[in-house]
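Biologist: Please put the model up, and then we can go through it by question and answer.

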Amino acid sequence: MNLSATLILAFGMSMDAFAASVGKGAILHKPRFREAFRTGLIFGCIEAITPLIGWGIGLAAGQYVAEWDHWVAFTLLFILGCRMIIEGSKQPEDDAPKLRRHSFWILVTTAFATSLDAMAVGVGLALLQVDIIHTAMAIGLATMIMATLGMMLGRFIGPMLGKRAEIIGGIILIGIGINILLEHLGWAA
């Protein structure tokens, strides 16, 4: 793969993480750049690791991964999205402090769910005999940049939306999951 194809693939793989991080940034109380970078780093590392895992699996059993990866991604994103919608629908307690950062495990779970398509891409790249290390690094770096930018964008969107930001973020995660599922089932336009 040449450089331009690698960059297009890398930024294409980062779009789900970008959308998810906008929602994550919108529900926080004025997230700082440090929190946005932390989120970007977590998303980027996981997005760089999953194509490596997919590449390894692709060398061994590529056809079997493609049969179930979209179901796992859909299920994780659906559960996380529903959780966000439920939290956003609750009446806020007046004395409850606003969330200033997401837990590490929530970010890891969200990042993993949005990166399962990169694992499937890794399977395909194994079959094409692509230099997986450089490609995975490009995907991880692009995702880190896009997730960091998404969190900062969410910082500005959040105050405008208030409590609805969490509900919208949940809907976005569910929408990403449905889109992944439809694409893999061949029903997407």
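**Helices, contacts and burial**

Modeller: This is a predicted model. The end C-alpha atoms of residues 106-126 are 30 Å apart, and that span is 100% helix and 0% strand.

Biologist: How far apart are the end C-alpha atoms of residues 165-182?

Modeller: UniProt, in an unreviewed entry, lists residues 165-182 under "transmembrane region", along with 68-86, 106-126 and 132-153. In the model the span 165-182 is 100% helix and 0% strand. Its end C-alpha atoms are separated by 25 Å.

Biologist: How many helices and how many strands does the protein have?

Modeller: Along the sequence the pattern reads α-α-α-α-α-α-α. The secondary structure therefore comes to zero strands and, by DSSP runs, seven helices.

Biologist: Of the contacts with a separation of 6 or more, what share comes from residues 24 or more positions apart?

Modeller: The protein has 189 residues, of which 46% count as buried. For contacts with a separation of 6 or more, the share from residues 24 or more positions apart is 95%.

Biologist: Which two residues form the salt bridge that a search of the whole structure finds?

Modeller: Side chains of opposite charge can pair when their charged atoms come close. The search of the whole structure gives one salt bridge.

Biologist: Why are Glu35 and Arg38 about one helical turn apart?

Modeller: Both residues belong to helix α3, which covers residues 33-66. Glu35 and Arg38 are separated by about one helical turn because their spacing in that helix is three residues.

Biologist: At roughly what angle do the axes of α6 and α7 cross?

Modeller: Two packed helices are described by the angle between their axes and the distance between the axes. Helix α6 (residues 132-161) and helix α7 (residues 164-185) have axes that come within 8 Å. The axes cross at roughly 120 degrees. That makes α6, relative to α7, oblique.

Biologist: Which residues of α7 are met by Gly158, Met160 and Leu161 of α6?

Modeller: The residues of this contact divide into four nonpolar, one polar and one charged. On the α6 side are Gly158, Met160 and Leu161. On the α7 side are Arg164, Ala165 and Ile168.

Biologist: Lys24 is in helix α2; which residues does it touch, not counting those up to four places away in sequence?

Modeller: Helix α2 covers residues 15-26. Lys24 has a relative accessible area of 3% and is therefore buried. Leaving out residues up to four places away in sequence, Lys24 touches Met84, His102, Ile106, Thr110 and Met151.

Biologist: With which residues is Leu153 in contact, leaving aside neighbours within four places in sequence?

Modeller: Leu153 lies in helix α6 and is partly exposed, with a relative accessible area of 38%. From Leu153 to Phe18 the C-alpha distance is 9.7 Å, across 135 residues of sequence. With those neighbours left aside, Leu153 is in contact with Phe18 and Val22.

Biologist: What is the distance in space, C-alpha to C-alpha, from Leu149 to Ser21?

Modeller: Leu149 is also placed in helix α6. Its relative accessible area is 48%, so Leu149 is partly exposed. In sequence, Leu149 and Ser21 are 128 residues apart; in space, C-alpha to C-alpha, the distance is 8.2 Å.

Biologist: What distance separates the C-alpha atoms of Ile53 and Met119?

Modeller: Ile53 has its place in helix α3. With a relative accessible area of 38%, Ile53 is partly exposed. Ile53 and Met119 are 66 residues apart along the chain, and their C-alpha atoms are separated by 6.4 Å.

Biologist: How far is Asn179 from His70 in space, C-alpha to C-alpha?

Modeller: Asn179 is in helix α7 and is partly exposed at a relative accessible area of 34%. Asn179 and His70 are 109 residues apart in sequence, and C-alpha to C-alpha their distance in space is 9.5 Å.

Methods: Residues are numbered from 1 along each chain as its sequence is written. This is a predicted model: local features need pLDDT of at least 70, side-chain atom pairs count only at pLDDT 80 or more; totals for chains, interfaces and linings use all residues. Side-chain values use heavy atoms; hydrogens and water are left out. UniProt positions are given in the numbering used here, feature names are shortened, and annotations may be inferred rather than shown by experiment. Helices (H or I, at least four residues) and strands (E, at least two) are DSSP runs, numbered from the N terminus. A salt bridge is a side-chain nitrogen of Lys or Arg within 4 Å of a carboxyl oxygen of Asp or Glu. Axes are lines fitted to C-alpha atoms, for helices over the stretch in contact, and angles run from 0 to 180 degrees between N-to-C directions. Angles under 35 degrees count as roughly parallel, over 145 as roughly antiparallel, 65 to 115 as roughly perpendicular and the rest as oblique. Contact means heavy atoms within 4.5 Å. Ala, Val, Leu, Ile, Met, Phe, Trp, Tyr, Cys and Pro count as nonpolar, Asp, Glu, Lys and Arg as charged, and the others, Gly among them, as polar. Buried means under 20% relative accessible area, exposed over 50%, partly exposed in between (1.4 Å probe, protein chains only).
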